[in-house]
Amino acid sequence: MDKNKWIEKLGNFANKINSYKYIIAIKNAFTALIPVIITGAFATLFSNMVFDSTMGLAKFDALSFLAELKPIAQSINYATMNMLTISAVFLIGLEVGKLNKVNGFFPGLLAVISYISVNPTRVELMVNEKLQVVPDVLARQYTDTKGLFLGMFIAILSVELFTWLGKQEKLTIKMPDTVPPNVSRSFSALIPTILTFTLIASVGFAVYRLTGMYLYDIIYTIIQRPLENVMQGLPGILLLMFVSQVFWVIGIHGNQMIKPIREPLLLASIAVNTDAFNAGKEIPNIITMPFWDMYMSIGGSGVTIGLLVAIFLVGKRDDMKEIAKLSFGPGLFNINEPVIFGMPIMLNPILAIPFIITPLITGMIGYFATAIGFAGKAVVMIPWTTPPIISAYLATAGSIGAVVTQLICIVVSIVIYLPFVKIANNRQAA
């Protein structure tokens with residue numbers, strides 16, 4: 001098959017997947033969640049490094065008053081990180097509603113209520129060797145990141161069901177023209193709302209009666225946990241990065257393509273780390289969203305900060321040097337579209353090779369440095385635009401090993417790009 005035809009077919013396939021409405025809804029929802037996650041993560045950072053009386057600034061007598069402010073940071077962390085699934089369900093419901101042309105915030109509310117209806121609302125506790133049942137509560141695993149996959153499924157299902165029922169004229173209560181439009185809309189949505197809640201809750205009840213397990217237990221055990229295990233392994237994250245880089249090379253935004261897979265899992269893993277850090281427990285996850293940014297996307301996709309430095313060192317082509325000069329500023333904030341499309345890396349076999357392999361190598365360096373304990377694990381969700389060095393320090397709550405590891409990754413990226421820049425020197429400038 002002709003190379004151009006193969007690239008065109010792959011591009012068409014990618015665009016088709018990327019335009020699928022549920023993919024769009026999930027991507028938009030998690031993009032909107034980023035400020036919430038970052039706020040919660042920084043609340044944890046301040047809670048431990050500023051307000052804590054044993055590890056933070058509050059341990060000094062002159063600043064001991066700061067310890068009194070710790071509950072503020074803890075409450076922010078709880079409201080953001082421990083309610084992440086509820087927030088995601090609302091936003092996904094809202095996005096699916098928009099795509100279905102259902103106006104207003106009601107689809108988000110519908111999704112949240114539907115999700116809560118399939119989860120148990122009681123907790124069983126052992127108190128003094130006696131089983132105590134606490135009614136009318138929603139356990140933490142249903143609101144934090146463990147419930148994400150079930151939440152996404154219920155959000156989509158409930159809004160789609162509501163939309164379909166709303167189109168059935170027999171189920172629509174029609175009010176006289178004298179009734180205000182907002183009241184009329186509420187009544188027209190009444191029967192579809194009742195049926196949606198009833199059907200969703202009934203499915204949850206039936207599954208529990210037939211299997212002895214709630215939907216949460218089934219989805220988390222069969223789908224979410226295995227995917228988390230794959231993503232926490234080095235091969236899984238390298239494969240995801242490889243796919244992203246290949247899409248970039250053919251001119252498609254690679255991060256947007258893998259976002260629906262990457263975001264729920266890697267954002268969940270950093271949320272778990274943040275929670276463990278806040279509780280003073282061992283940090284469980286090496287691979288998180290900040291790990292991706294710190295070690296596999298320094299200067300942007302392809303670790304192109306190495307390419308820019310390599311051009312400054314050995315580049316002889318005026319066009320490449322000019323683009324490098326213009327791109328270095330944005331590159332410090334991990335924005336590298338000027339490099340990818342201006343150099344170009346897209347459809348350029350010489351620069352495409354290091355562009356694909358460099359983040360795989362730096363990812364392995366970051367993984368093994370963290371695994372042996374040299375670099376600290378990420379515990380704070382930082383903005384992806386945070387410059388190198390600062391990002392490693394903040395994301396790991398002050399791990400110098402992580403900073404050194406990131407510096408090593410930058411040096412390695414320069415070494416990888418150098419021979420390819422020399423080869424590009426011999427080509428006629430575009």
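This is a predicted model: local features need pLDDT of at least 70, side-chain atom pairs count only at pLDDT 80 or more; totals for chains, interfaces and linings use all residues.

Q: How are the axes of helix H4 and helix H6 placed, and at what angle do they cross?

A: The axes of H4 (residues 84-99) and H6 (residues 148-166) come within 9 Å, with a crossing of roughly 30 degrees. Angles under 35 degrees count as roughly parallel, and H4 and H6 are therefore roughly parallel to each other. Their crossing is right-handed.

Q: Which residues make the contact of H4 and H6?

A: From H4 come Thr 85, Ala 88, Val 89, Ile 92, Gly 93, Val 96 and Gly 97. From H6 come Leu 148, Gly 151, Met 152, Ala 155, Ile 156, Val 159 and Glu 160.

Q: How do H9 and H10 cross?

A: The axes of H9 (residues 215-232) and H10 (residues 234-249) come within 4 Å and cross at roughly 80 degrees. An angle from 65 to 115 degrees counts as roughly perpendicular, and H9 and H10 are therefore roughly perpendicular to each other. On the H9 side you will find Val 230, Met 231 and Gln 232, which meet Leu 234, Gly 236, Ile 237 and Leu 240 in H10. This contact has 5 nonpolar residues, 2 polar and no charged ones.

Q: Let's turn to rings. What describes a pair of aromatic rings?

A: Two things: the distance of the centres and the angle of the planes. This structure holds 8 aromatic pairs. Take Phe 106 and Phe 162: their ring centres are 5.4 Å apart and their planes stand at 55 degrees, so the pair is tilted. Phe 106 belongs to helix H5 (residues 106-117) and Phe 162 to helix H6, so the pair ties together parts that are 56 residues apart in sequence.

Q: What kind of pair do Tyr 367 and Phe 368 form?

A: Their planes are at 85 degrees and their centres 5.7 Å apart, so this pair is edge-to-face. Tyr 367 is buried, with a relative accessible area of 17%, while Phe 368 is partly exposed at 48%. Rings can also be grouped: Tyr 142, Tyr 216 and Tyr 220 form one aromatic cluster.

Q: Where is Asn 82, and which residues does Asn 82 touch?

A: Asn 82 sits in the loop between helix H3 (70-80) and H4. Its relative accessibility is 6%, so Asn 82 counts as buried. Leaving out residues up to four places away in sequence, Asn 82 touches Asn 77, Arg 140, Thr 143, Asp 144 and Asp 275.

Q: And where is Asn 273, and is this residue buried or exposed?

A: Asn 273 is part of helix H11 (residues 254-278). With 0% relative accessibility, Asn 273 counts as buried. Beyond its neighbours within four places in sequence, Asn 273 is in contact with Ile 283, Pro 284, Asn 285, Thr 288, Lys 377, Ala 378 and Val 379.

Q: How far apart are the C-alpha atoms of Asn 273 and Ala 206?

A: They are separated by 35 Å, and the two residues are 67 residues apart along the chain.

Conventions: Residues are numbered from 1 along each chain as its sequence is written. Side-chain values use heavy atoms; hydrogens and water are left out. Axes are lines fitted to C-alpha atoms, for helices over the stretch in contact, and angles run from 0 to 180 degrees between N-to-C directions. Helices (H or I, at least four residues) and strands (E, at least two) are DSSP runs, numbered from the N terminus. Angles under 35 degrees count as roughly parallel, over 145 as roughly antiparallel, 65 to 115 as roughly perpendicular and the rest as oblique. A crossing is left-handed if the near helix is turned anticlockwise from the far one by less than a right angle, and right-handed if clockwise. Contact means heavy atoms within 4.5 Å. Buried means under 20% relative accessible area, exposed over 50%, partly exposed in between (1.4 Å probe, protein chains only). Rings of Phe, Tyr and Trp (its six-membered ring) pair if their centres lie within 6.5 Å; planes under 30 degrees apart count as stacked, over 60 as edge-to-face and the rest as tilted. Ala, Val, Leu, Ile, Met, Phe, Trp, Tyr, Cys and Pro count as nonpolar, Asp, Glu, Lys and Arg as charged, and the others, Gly among them, as polar.
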